[in-house]
Every structure is written in structure tokens, then in C-alpha cells.
Amino acid sequence: MDQRYRIATEDWIEFEEEQHQVTGITGALVRLRSASGHHQTIMLSALLTDSTFRTLAEPPPGQEETTQGLDPGGVLALLPKDVRDKALELEAHLHEATTGFRSGDPLSATASEPREEYRPELPLSVRVETKAAELDLTTRRIWQLLEEWKEKGLWALVDRRKARLKNPLRNIDERVITAIREQAAAERYDSSSSVSTRFRRRTQNRLDADYGPGEVPLPKEDTFRRVVKLLLDRRPSDPAYQRVSDANQPDRTFGNVIAHRPGQVVMLDTTPLDVLAWDPAMNDTYNVELTLALDVATRSLLAWRLTPIGTKAIDIGLLLADVMAPEPMRPDWSDALRYSMLRVPYQRHLSLDERLAEAAARPVIYPETLLFDHGKPYKSDVVRRACVSWKIDIQDARKLKPTSHTSSGSSAPSVNSSPCTSRATRASTSRTAAKTSKEARWTLDEIAEFFAEYVVAVYQRKSHSGLHLYGFPDLNVSPNEAYAMALGSAGYVDCPRDPSLYYELLPIAEDGRAINAYGIELNHLVYNADILYQFRKAKSPYSNGRWPIRYDPRNLLHAYFHDPRDGKWYTLRWTHALSDLQPFTDITLREAKRLLAARGIDPSDQAEVAKALWNLQNRTDAPEKWTKADRKRHTRDRHRADSQAKDEARSTPAVPAPPPQYAPESRRPTVPGLHAVPALTDEDDIDLDAIQPAQVWNPRASQES
């Protein structure tokens with residue numbers, strides 16, 4: 001008779017009148033460990049043909065089970081459904097054999113219980129014999145099941161062959177496992193590599209260096225790839241930045257930034273928004289970035305800015321001004337969205353800040369500490385000078401520790417799934433580019449208005465599951481409610497209102513500038529205005545003797561000069577700016593100079609720069625024939641110029657520059673021009689006595705004045 005056996009590692013067998021456990025199978029060889037601890041290796045064919053060979057359904061008494069140390073209830077709950085059902089069915093039979101009822105409780109008996117052969121008045125031995133005959137088992141086996149059931153519960157009735165825990169690494173050498181993990185840790189900063197080539201070769205080299213050449217061979221390629229997948233969360237072939245991020249995760253429970261009062265910690269973050277904005281001038285779409293300021297204590301969105309991809313430092317600096325400025329009401333918004341509906345002492349706040357009379361229901365908070373990542377715009381001089389001016393502490397999030405900056409990042413998914421983004425076409429990969437471009441018909445300004453309405457009408461008034469007030473863990477509140485309750489304990493802090501806020505946040509030209517006869521020079525461009533005439537070639541009262549000139553990189557048509565005598569700001573205009581030249585950014589200026597250098601023209605020649613800018617902004621071809629870079633540049637410059645104009649309008653307007661005029665060919669005239677003498681008439685009608693004598697210039701008098 002052909003009898004087939006299935007043997008796997010960790011199975012128990014009986015051989016030569018002793019019980020053994022299979023510890024490994026290699027080809028035709030089987031490694032055995034006896035119950036007494038003796039090890040031996042035998043041919044698989046010799047083992048199966050031996051007359052003393054027997055298979056065992058369960059390990060011998062006293063041997064350690066594979067489930068030791070685990071929760072039996074958890075192991076039972078994770079078993080396949082058919083295995084659990086069989087164990088429950090067997091338990092019902094044992095209940096019936098001992099009590100006469102399948103549920104074990106006479107109060108829960110069915111109409112047909114107890115059956116005649118299982119009446120409770122019958123002896124237990126009789127009921128056990130009847131149950132053994134019903135289940136086609138021996139009476140001894142039923143008594144064994146009853147004893148184990150009383151000791152271990154339902155777990156004793158489970159078929160152990162089906163409940164055996166699987167260990168996919170049981171046949172893998174521990175030294176190989178250690179080498180794989182060490183090699184993966186060593187390569188976490190390297191570029192991606194294939195598992196079957198370079199990583200496998202380097203792992204083998206590590207084993208040879210530690211244990212000798214060929215002492216510990218690696219398994220076959222398919223097995224090695226499977227082991228690597230089991231051991232590593234990120235395979236060596238995954239992108240390096242993903243492996244670096246996983247390797248830098250903390251080895252302890254993730255913590256949260258804790259704040260107890262409004263403004264104690266304000267997080268800043270920039271994230272791509274899952275929408276496409278439409279540019280009506282170019283009839284094209286472009287991606288959008290969202291920069292947020294989030295108050296940790298109340299989870300309130302204090303300020304936001306939507307810009308084309310490429311947020312600048314000036315945007316981050318002016319975002320701080322938005323945090324401390326009320327959000328104005330829109331004409332079409334309901335009165336229920338006014339600041340007076342925040343349930344705060346409105347009249348008292350209005351006496352401190354009159355701007356709240358026409359403000360929307362969004363908290364106005366004076367931040368104490370800013371928390372942001374290590375992005376270049378956040379570490380700029382503009383942001384740091386603004387924080388120093390307003391006495392705001394700066395705290396960088398820990399490098400490569402995303403758990404230090406989770407609150408603002410967690411708000412991005414809710415913003416992307418908000419109703420405001422559903423009005424604009426999602427930049428989803430499931431859509432084709434042509435279809436997305438046709439459906440996107442909302443400009444960036446319109447999306448910004450949608451977002452502002454969403455924040456005031458929905459986000460600030462909706463309860464957040466992650467927002468809990470200290471002392472009230474079971475109270476779910478909205479950000480506006482949390483802000484109103486926090487004011488009762490922390491109080492209201494009046495935000496500074498500087499009429500020249502915009503100009504003070506602008507970047508300053510490095511090392512200052514000297515005011516020459518032709519004006520000041522910035523980025524190889526000459527700026528001038530009438531106010532500079534009084535300070536030409538004069539040393540400034542600052543330490544280095546130069547004058548601080550501020551500029552907005554979003555619009556380089558102008559620069560700004562502060563007059564220390566009257567405290568006013570004056571606008572300086574580029575001397576070679578054409579009357580029809582649109583505002584341009586620093587990126588466009590660099591592109592124009594690059595084109596000039598490629599044609600062999602000096603990039604410092606302002607006349608040529610003006611022509612290059614004019615050519616970039618006014619192509620002779622139709623807009624539909626522009627390249628993608630041309631459309632992107634035009635959209636970026638136009639949007640940033642509009643943003644610059646809005647920011648400037650919030651401050652006291654600077655004294656405007658004179659109307660644009662075409663500059664002369666030479667920017668440094670040293671000799672006054674010669675004038676022709678007009679022809680005299682025949683009639684001598686000049687009264688020589690009426691002629692006033694010309695004033696004589698006295699150098700001493702000019703120095704004294």
C-alpha cells in the first residue's frame with residue numbers, strides 16, 4: 001500500500017522508539033533532534049522506509065510549543081474560520097457530554113434538549129461513552145479532551161496542525177539575517193541598487209570578511225530576494241530618500257508638540273495643493289503651493305498664501321504679517337461669519353484694534369514661537385529680521401524627524417479634501433493632462449477666495465477629532481470654540497500694527513548702496529528718484545556709511561528708500577524701465593541676463609537688459625505659440641506683481657516715483673551740454689538795468705549749510 005507523508009520543519013515524529021523534532025531539511029537529508037537533546041542527520045528515504053517511523057499530531061508532553069509566550073485568545077482569534085468553527089463544534093459536544101446541553105447552560109437550552117441519551121441524571125461515564133461513539137473516537141480520547149479542555153480552555157480543542165505558527169525564516173542562517181540588516185543600514189544613504197546584483201554581492205562580501213571566504217554562503221537568488229523583502233521595510237531598490245526617511249524614524253513612541261495658550265507655538269509649512277489654477281491670459285493651467293500658519297493650541301488656520309510653485313522668502317515674511325492682521329469680510333459673506341460671532345469680548349477687543357469691526361471670524365494671534373522645517377525660504381534673512389523685530393522666537397524642527405512637525409502636515413490632507421478644492425480641477429494622475437486643462441477654469445485669485453471662505457465658514461467652525469482641551473479630554477470643540485475658551489485663561493494679546501510693515505519686511509541690498517550722481521545701483525540696474533538728489537555722494541549715518549536700499553524680488557521695477565529725516569518711504573524707479581514694461585521678478589531678470597550672455601552681450605548693459613526684458617514680455621508670436629517656459633514665466637510674473645501690489649497697499653503708501661522717462665544713452669554725464677545762442681532781433685528792446693545779477697557760488701557757504 002502506497003502511504004504518503006508530509007514532513008515540515010518543527011514537526012514531531014517517532015523514530016527508533018523515540019520522539020524527534022525535525023529541525024531542518026536539506027535536499028535528501030533530514031536533521032532530527034530527539035526529546036532528550038540528541039541530534040542526528042538521516043537520509044529522507046531511509047527515514048520514511050524505516051518500520052519504526054510514525055508521525056505525531058501534537059508535540060510530546062513537556063515540550064515547548066510554538067505558541068508559548070503568545071496570547072492564546074489572540075492566536076485563536078487569528079486562526080482560519082473553519083478551524084475555529086471545528087473547535088467550537090467540539091466544545092459544544094463536550095458541553096453536551098458533561099451537562100446534557102450543547103450550550104452548557106440549562107437556561108439556554110433549545111426545544112430538543114436534552115436528548116434522551118444525554119439526560120443529566122445519567123452517569124457521566126455513560127454520556128462520555130455515548131459521545132465517543134457519536135464522534136467515532138475512543139472513550140479514552142474523550143476523557144483526554146475533557147481534561148485538557150478544563151486546563152487550557154478552547155485552545156486545547158484546536159487542531160494543532162492547522163494552528164502551527166509559520167516562521168518563513170526558520171531555514172535561514174542567523175548570520176545571513178544579521179548581514180542583510182547591517183548592509184541595508186550601511187546603504188541607506190546610497191543610491192538605489194538592485195537586490196539581485198550589487199546588494200547581494202556586498203552582503204556576501206560582508207559575510208566573507210566576518211566569517212571567512214565561503215564559510216557562510218547566501219541562499220539562492222529567489223530565496224534571498226524573499227528574505228530581504230521580509231526583513232526590510234524598504235528594499236535596497238527603493239528610492240534613497242524613502243530609505244533615509246524610514247531609517248531616521250524615532251525608536252520610541254511618536255510625540256506631539258504641546259501648546260497651552262494661543263500663539264505659544266505657531267507652525268509654518270508649505271505643501272503642494274491638489275488643484276490646478278487657470279491663467280486666462282495664457283489659457284493654460286499651472287500647479288499651486290499653499291503656505292499655512294497653524295496655531296497648535298487651537299488648531300486654527302491663522303494665515304495662508306496660495307502661490308505658483310516656488311514660494312519665496314518674502315511670501316513667508318509677509319505671512320507673519322497676515323497672522324497678526326484680521327481677515328477682512330467679503331461683501332457677499334453672511335454676517336454669521338463676522339468676528340463678533342466668535343463668542344469673545346468683542347467690544348473690548350474692538351477698543352484695542354479697530355480693524356476687527358470689519359473682520360471675519362478668524363482668530364488674530366500674536367505668535368510667541370515659530371516652528372518650521374529647514375526649507376530655504378524659512379531660513380532667510382527676511383523671516384529672521386521679522387522675528388527679531390516682533391520679539392518672536394524661532395525653533396527649527398529637528399532634521400529628518402517628521403514627527404516634530406506633524407500638526408501642520410496633518411492639516412494638508414483635510415485641506416486637499418475640502419469642498420473648496422472640489423471647485424477647481426484636481427491634479428490627479430488618473431486624469432489625462434488634456435482633460436484636466438480643459439476642466440480647470442478657476443484662476444488662482446478665485447481659488448484663494450474659495451479657500452478663505454472655506455476656512456472661515458467650515459474649518460474654523462467644525463469640531464476636530466484631534467483637538468482636545470487640557471482638563472477636558474472628552475470634549476470635542478472647533479478651533480473657534482477652543483480659541484474662545486483659551487482667551488478665558490490666557491487673555492488677549494494685542495497685535496502690533498505698523499503702517500510701514502510691508503517695507504520693513506523687504507530684503508535689504510547686501511552691504512548697502514552708495515548714492516551717486518546717477519542714482520543707486522542694484523542687481524546691475526540703476527534706480528533713481530528726486531529724493532536722492534539731496535543725498536548724492538553723502539555718507540549715511542549707518543555704521544558702514546552706506547544707505548540701506550530695500551527691494552521686492554517679486555517686482556524689480558522699483559526699489560525703496562527710507563528718508564531718516566521725515567521717516568517716509570520713497571519709491572525709486574528703474575531708470576531704463578520702458579513705459580509699457582510690465583513688472584518682472586528676479587527670476588525673469590536672471591533669465592534675461594542669461595540670454596544676453598549667450599549672445600555675447602554684456603549683462604550689465606541696462607539698455608540691452610531693458611530690450612531683453614521687453615522681448616521676453618512681449619513676444620511677436622501669438623501667445624498660443626509660446627513655449628511652456630514662456631507661459632510659466634508670464635503667469636508667475638503677473639501673479640507675483642499682483643501680490644506685491646496688494647501687500648504694498650496694506651501699508652502707508654510710499655512717495656511715488658516720477659513718471660517713467662527714457663534714460664539718456666550715457667548714465668554718468670560729467671560735462672553739461674552746450675546750448676546754442678538764439679538769434680537776436682533787430683530791435684534792441686532789452687533793458688539792461690532790469691537784468692538781475694547771477695548768484696556767485698560760495699563753497700564755504702555750501703559747506704556751512
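Begin at the largest pocket: β8 (300-308), α11, α17 (444-457), α19 (501-505) and α22 (628-649) each give at least two residues to its lining. Helices (H or I, at least four residues) and strands (E, at least two) are DSSP runs, numbered from the N terminus.

**Before you go on**

You are looking at a predicted model, where local features need pLDDT of at least 70 and side-chain atom pairs count only at pLDDT 80 or more, while totals for chains, interfaces and linings use all residues. Residues are numbered from 1 along each chain as its sequence is written, and side-chain values use heavy atoms, with hydrogens and water left out.

Colour the chain by pLDDT, the predictor's confidence in each residue, from 0 to 100. The protein chain averages 78, and 78% of the residues score at least 70. Two stretches call for care. Over residues 425-433 pLDDT stays under 50, and the model has 21 contacts for them beyond four places in sequence; a contact means heavy atoms within 4.5 Å. Over residues 662-684 pLDDT also stays under 50, and here the model has 10 such contacts.

**Stop 1: the largest pocket**

Select R305, D322, K646, D647 and R650, which lie nearest the centre of the largest pocket among its 38 lining residues. The space inside comes to about 1100 Å³. Rolling a probe the size of a water molecule over the atoms shows where empty space is left. On a 1 Å grid over the protein atoms alone, a cavity is a set of points where a 1.4 Å probe fits but cannot get out, and a pocket is an open set with protein on both sides within 12 Å along at least five of seven lines; lining residues have an atom within 4 Å of a point. Grid points are joined across faces, edges and corners, and the volume is the space filled by probe spheres set on the points.

Which element supplies the largest share of the lining? That is β8, with 6 residues. Now colour the lining by class: 18 residues are nonpolar, 4 polar and 16 charged. (Ala, Val, Leu, Ile, Met, Phe, Trp, Tyr, Cys and Pro count as nonpolar, Asp, Glu, Lys and Arg as charged, and the others, Gly among them, as polar.)

**Stop 2: helix α11**

Select residues 313-323. How many of the 11 residues of α11 are buried? The count is 11 of 11, including A313, D315 and D322. Buried means under 20% relative accessible area, exposed over 50%, and partly exposed in between (1.4 Å probe, protein chains only).

**Stop 3: strands β6 and β7**

Two strands pair if DSSP finds at least two bridges between them. β6 and β7 run antiparallel, joined by 12 bridges; look for A277 and its bridge partner Y286 in β7. β6 also pairs with strand β9 (residues 369-372), this time in the parallel sense over 2 bridges, and M267 stands opposite L371 in β9.

Stay on β7 (residues 284-295) and pick E289. Is E289 buried or exposed? E289 counts as buried because its relative accessible area is 14%. Leaving aside neighbours within four places in sequence, its contacts include T271, R305 and T311.

**Stop 4: a hairpin and its neighbour**

Select strand β11 (residues 520-522) and strand β12 (residues 525-528), which pair in the antiparallel sense over 3 bridges. E521 has V526 in β12 as its bridge partner. These two strands form a hairpin with 2 residues between them, and N523 in the turn has a positive phi of about 55 degrees. On to strand β15 (residues 569-574), which runs antiparallel to β12 and is joined to it by 2 bridges; Y527 has W574 in β15 as its bridge partner.

**Stop 5**

Most residues other than glycine have a negative phi, and most peptide bonds are trans. Select E113 and P114: the peptide bond between them is cis, with omega near -5 degrees. P114 lies in the loop between α3 (81-99) and α4 (124-135).

Next, find R299 in the loop between β7 and β8. Its phi is near 60 degrees, a positive value, and R299 counts as partly exposed because its relative accessibility is 22%. K391, in the loop between α13 (381-389) and β10 (393-396), has a positive phi of about 60 degrees. At 68% relative accessibility, K391 is exposed.

**Last stop: D511**

D511 sits in the loop between α19 and β11 and is exposed, at 56% relative accessibility. Draw a line from its C-alpha atom to that of G545: they are separated by 9.8 Å, though the residues are 34 apart along the chain. Leaving aside neighbours within four places in sequence, D511 is in contact with N544 and R546.
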